[in-house]
Amino acid sequence: MTDYTPTPADKFTFGLWTVGQTGRDPFGEATRRGFSAPDIVRKLAELGAYGVNFHDNDLVPIDASAAERDRIANDFRAALNDTGLVVPMATTNLFSDPAFKDGAFTSADARVRAYALQKTMQAMDLGAEFGAQTYVFWGGREGTEVDGSGKLLDALGWFRDSLDFLAQYSQDQGYNYRFALEPKPNEPRGDIFLPTVGSALGFIATLKQPELFGVNPEFAHETMAGLSFPHAIAQAIDAGKLFHIDLNDQKMGRFDQDLRFGAENLKGAFFTVKLLEDSGYAGPRHFDAHALRTEDAEGVWTFARGCMRTYLILKDKVAQFNVDPEIQAALQAYRVQDAELEALSQGYTPEKARGLKNRSFDRSALGQRGPGLEHLDQLTVEVLLGVRGSAPLRTPRAQTEVGA
Ligand code: GCO
Ligand code: MN
Ligand code: MN
């Protein structure tokens with residue numbers, strides 16, 4: 001029986017801002033002290049994580065002197081070297097400072113837009129210094145409460161110009177980042193631009209170098225929009241745009257809870273893991289979540305362990321689902337195959353169009369078929385409840401993929 005202890009081959013990552021979160025919320029002060037960046041690195045390594053990600057100001061305070069910046073970077077580098085933890089992703093804090101209160105790349109103030117570009121270039125330099133390959137854009141303050149400001153169309157244009165500018169900067173510096181846009185419908189703004197994965201995918205197609213841009217979908221954010229996270233990531237995978245992922249959990253219709261992965265929607269978490277594993281997604285499994293405000297330091301590490309452990313348990317459940325004979329039979333029964341009609345329906349020719357138009361279909365028979373979805377779904381629930389099958393089918397270590 002496996003104990004579901006993660007190893008770096010599982011590619012689990014956390015942000016400095018996630019396990020470092022101190023419990024502060026809009027109504028209350030911090031409830032715990034947080035940890036230094038090197039302490040987070042050491043503890044995550046001890047727990048079996050693969051990497052750590054950061055916003056520029058998680059690591060270096062916004063008002064640090066050059067000497068402070070270098071000292072902080074050196075301490076952080078020493079912890080990474082000691083532990084072997086890597087930094088796969090970096091990002092910019094374009095939301096905390098009052099300068100960004102009405103947007104960064106989409107501010108109506110040209111000076112703020114220019115400062116946002118400067119700050120992001122510096123943050124990209126910092127990320128590259130630690131080997132980050134993916135650069136995330138979460139437009140926390142990119143939005144409005146007052147649409148009478150008349151900037152909806154201009155804002156999208158400013159956003160586009162900034163992303164095009166930064167993609168070119170990355171190439172000129174030889175960083176060759178892959179950029180991942182992270183959608184969110186609201187909070188902290190009343191309405192945030194590019195609210196869903198679908199919106200971000202549509203916007204990417206309008207950029208100068210769309211091939212450099214993908215998405216960083218977050219479980220909580222699609223759920224806040226009332227949407228299905230598995231559906232969102234399926235569309236991103238289909239488009240070749242799943243560049244990164246923020247795993248966490250969320251109750252629908254609430255504030256952004258950033259709960260421990262699998263804490264709330266086990267079925268959604270299961271199909272998330274299934275899509276990632278079955279599609280061969282090779283990127284980090286990043287947890288953008290934090291411990292409940294009630295927790296002390298020990299609770300934070302219980303939370304981090306729990307995210308990884310639940311992922312590994314669900315990965316086992318996916319393997320079990322994929323070989324369960326009754327489930328496989330139900331899946332097969334669900335699909336009706338017809339070689340002749342499939343050949344006629346694929347790849348237009350005038351003959352096929354004529355052939356199809358001349359076919360007669362038994363509409364009433366088509367409407368009468370019961371596809372067996374209740375049966376299939378009950379079997380899925382029973383896999384999740386642990387009453388089907390025997391021992392867990394953990395992938396042997398030697399077969400799991402290693403490396404960045
Ligand atoms: C949120 C966001 C952030 C971003 C992070 C990376 O909780 O609203 O998900 O945590 O992911 O800023 O850019
Ligand atoms: Mn979130
Ligand atoms: Mn996120």
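# A tour of the annotated sites and their surroundings

Start by selecting E218, H221, D256 and D258, where UniProt places the feature "binding site" in an unreviewed entry. Although these residues are spread over 41 residues of sequence, they cluster in space, with a largest C-alpha distance of 10.6 Å. The lining of the largest pocket includes E218, H221, D256 and D258. UniProt positions follow the numbering used here, feature names are shortened, and annotations may be inferred rather than shown by experiment. On a 1 Å grid over the protein atoms alone, a pocket is an open set of points with protein on both sides within 12 Å along at least five of seven lines; a cavity is a set of points where a 1.4 Å probe fits but cannot get out; lining residues have an atom within 4 Å of a point.

This is a predicted model, in which local features need pLDDT of at least 70 and side-chain atom pairs count only at pLDDT 80 or more, while totals for chains, interfaces and linings use all residues. Residues are numbered from 1 along each chain as its sequence is written, chains are lettered from A and ligands numbered from 1 in the order in which they are written, and side-chain values use heavy atoms, with hydrogens and water left out.

**Stop 1: H221**

Select H221, in helix α8 (residues 219-224). Helices (H or I, at least four residues) and strands (E, at least two) are DSSP runs, numbered from the N terminus. H221 has a relative accessible area of 2% and is therefore buried; buried means under 20% relative accessible area, exposed over 50%, and partly exposed in between, with a 1.4 Å probe and protein chains only. Not counting residues up to four places away in sequence, H221 touches W138, E182, P183, K184, P185 and D256. Contact means heavy atoms within 4.5 Å. Now show the backbone of P183: its oxygen lies 2.9 Å from a polar atom of the H221 side chain. A polar contact is a pair of N or O atoms within 3.5 Å; within protein, one must be able to donate a hydrogen and the other to accept it, and residues adjacent in sequence count only if both atoms are side-chain atoms.

**Stop 2: D256**

Move to D256, in the loop between β9 (246-247) and α10 (266-279). D256 counts as buried because its relative accessibility is 12%. Which side chain joins that of D256 in a polar contact of 2.7 Å? The partner is K184. Apart from residues up to four places away in sequence, D256 touches K184, E187, E218, A220, H221, M224 and Q250.

**Stop 3: ligand 1**

Select ligand 1 and the 14 residues around it, of which H55, E182, K184, E218 and D288 come nearest. A residue is near a molecule if one of its heavy atoms lies within 4 Å of it. Polar side-chain atoms to pick out here:

- E218 has one 2.6 Å from an oxygen atom of ligand 1.
- E182 has an N or O atom 2.7 Å from an oxygen atom of the ligand.
- W17 has one 3.3 Å from an oxygen atom of the ligand.

**Stop 4: another annotated set**

Next select E182, E218, D246 and D288, which the UniProt annotation "binding site" (unreviewed entry) covers. They are spread over 107 residues of sequence but cluster in space, the largest C-alpha distance being 11.5 Å. Of these residues, the lining of the largest cavity includes E182.

D246 lies in strand β9 and is buried, with a relative accessible area of 1%. Its contacts, leaving aside neighbours within four places in sequence, include E182, E218, H286 and D288.

D288 sits in the loop between β10 (285-287) and α11 (297-323). At 9% relative accessibility, D288 counts as buried. Show its side chain together with that of W17: the two make a polar contact of 2.8 Å.

**Stop 5**

Select F54 in strand β2 (residues 51-55). Is F54 buried or exposed? F54 counts as buried, at 0% relative accessibility. F54 and G15 are 39 residues apart in sequence, with C-alpha atoms 5.5 Å apart in space. Beyond neighbours within four places in sequence, F54 is in contact with residues including L126, G127 and F130.

Follow L126 and G127 into helix α5, where both are among the buried residues. Helix α5 (residues 110-129) has 20 residues and reaches 29 Å from its first C-alpha to its last, close to the 28 Å expected at 1.5 Å a residue; the expected span is 1.5 Å times one less than the number of residues. End the tour just after α5, at G131, which takes a positive phi of about 85°.
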